[in-house]
Amino acid sequence: MSATEPVRVAVIGTGMIGQDHIRRLSTVLSGARVVAVNDVDPARSAEVAAGVGATPYASGEEAIAATDVDAVVVTSWGGSHEQYVVASIAAGKPVFCEKPLADTVEACTRILGAEVAHGSRLVQVGFMRRYDPAYRAMKEVVDSGRIGDPLIMHCGHRNPSVPGYYTKESAIVDTAVHEIDLVRWLFGEEIAAVRVLTPRKSKNGGELQDPLLVLFEMAGGAIVDVEVSVNIRYGYDIRGEIVGEDGTVSLADSGPVTVRHNGSYSGRVPADWRERFIRAYDIELQEWVDGVAAGQPAAGPSSWDGCAAQAVADAGLAALASAERVVVTLPERPALYA
Ligand code: NAP
């Protein structure tokens, strides 16, 4: 690979987000080409590979090892991430892994060990909210000190509906996990403890405990509340407001226009997370491709961030099950992630 040649990418896991990232790498972003593909379903792998002129491989490991592959994108199911991330590190190839980094803290810790032994950062985890222009503007306000030290953050994570297999645990590990990474990044500190409150159930959720109110105690003493409502019907609505000592900063409504008509005004609420975060996904992968092309160590959310998010999610599950305050237990943070 030279500075002018595209980064040649292997994509492992060609389901929903895998195909979306292949589309993004092939037709939206610059400087990348998908050359290798693998999925547990060989027919799907072959079909997706044919669509972009890539080679389908019988295993993820073979795709990673291919001599014409410079970098790897892992978009298979969470339980399989560790094996592909570790294989990428062993091959010395940069790897972008969709969240979760792995589905247990122990597996995340093994990835940390492999990357530390390699000696520099190769792994980036797909926490795309850090690339959302609105959240970046929010972080810029916090970091500027204009609103003083943050004291409280209110978050809303509202989905119009969820599939039948979604459980109250999914609300922590699949939904609130995005706020877990987000607030660690916005506040620049770890989450120390978690509580989960269970309000009256929405009639729209059937037996599901929906909504949940998740409370994070930040290491510096600020409190974050996250309303997770996954059958809100009206759209995909992401809310956020930080209350500082001297002011507040909130996410603005994201619609491009406001319509005033017939005595009222209205704007668009995104239909789903793809619409709300499409720019964030594009920026996230473009910055990753650019960093790989420049031969730089990974700069986005790290293996440590993936590991810490998993530890907080585990505490969240324990808090949900016990209705108690649960202290987050983090492994030791290696110097590589200082
Ligand atoms: P999906 O549609 O089920 O796609 C996963 C794909 O990987 C499927 O084709 C699956 O095959 C395949 N697969 C499963 N195990 C594999 C293995 N060991 N080796 C190779 N391929 C394997 O799921 P998805 O919604 O795309 O999610 C994929 C990952 O992305 C998950 O970790 C999810 O949490 C993450 N994700 C992140 C975001 C985000 O906002 N950052 C959004 C969506 C998804 P089968 O269907 O045959 O099992």
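These legends cover close-up views of a predicted model. Residues are numbered from 1 along each chain as its sequence is written, and side-chain values use heavy atoms, without hydrogens or water. Local features need pLDDT of at least 70, side-chain atom pairs count only at pLDDT 80 or more, and totals for chains, interfaces and linings use all residues.

**View A. Helix 5 crosses helix 9.**

**View B. Residues meet between helix 5 and helix 9.** Contact means heavy atoms within 4.5 Å. From helix 5, Val105, Cys108, Thr109, Ile111, Leu112 and Glu115 take part. They meet Ser303, Trp304, Gly306, Cys307, Gln310, Ala311 and Asp314 of helix 9. By class, this contact has seven nonpolar, four polar and two charged residues.

**View C. Tyr236 and Phe277 form an aromatic pair.** The whole structure has three such pairs (ring centres within 6.5 Å). Here the centres are 6.4 Å apart and the planes at 80°, so the pair is edge-to-face (planes over 60 degrees apart). Tyr236 lies in the loop between strand 10 (223–229) and strand 11 (237–244) (strands are DSSP runs of E, at least two residues). Phe277 sits in helix 8 (residues 273–293), so the pair ties together parts 41 residues apart in sequence.

**View D. Tyr236 is buried, and Phe277 is buried.** Relative accessible area is 4% for Tyr236 and 0% for Phe277 (buried means under 20%, with a 1.4 Å probe and protein chains only).

Terms used
Axes are lines fitted to C-alpha atoms, for helices over the stretch in contact, and angles run from 0 to 180 degrees between N-to-C directions. Helices (H or I, at least four residues) and strands (E, at least two) are DSSP runs, numbered from the N terminus. Ala, Val, Leu, Ile, Met, Phe, Trp, Tyr, Cys and Pro count as nonpolar, Asp, Glu, Lys and Arg as charged, and the others, Gly among them, as polar. Rings of Phe, Tyr and Trp (its six-membered ring) pair if their centres lie within 6.5 Å; planes under 30 degrees apart count as stacked, over 60 as edge-to-face and the rest as tilted. Buried means under 20% relative accessible area, exposed over 50%, partly exposed in between (1.4 Å probe, protein chains only).
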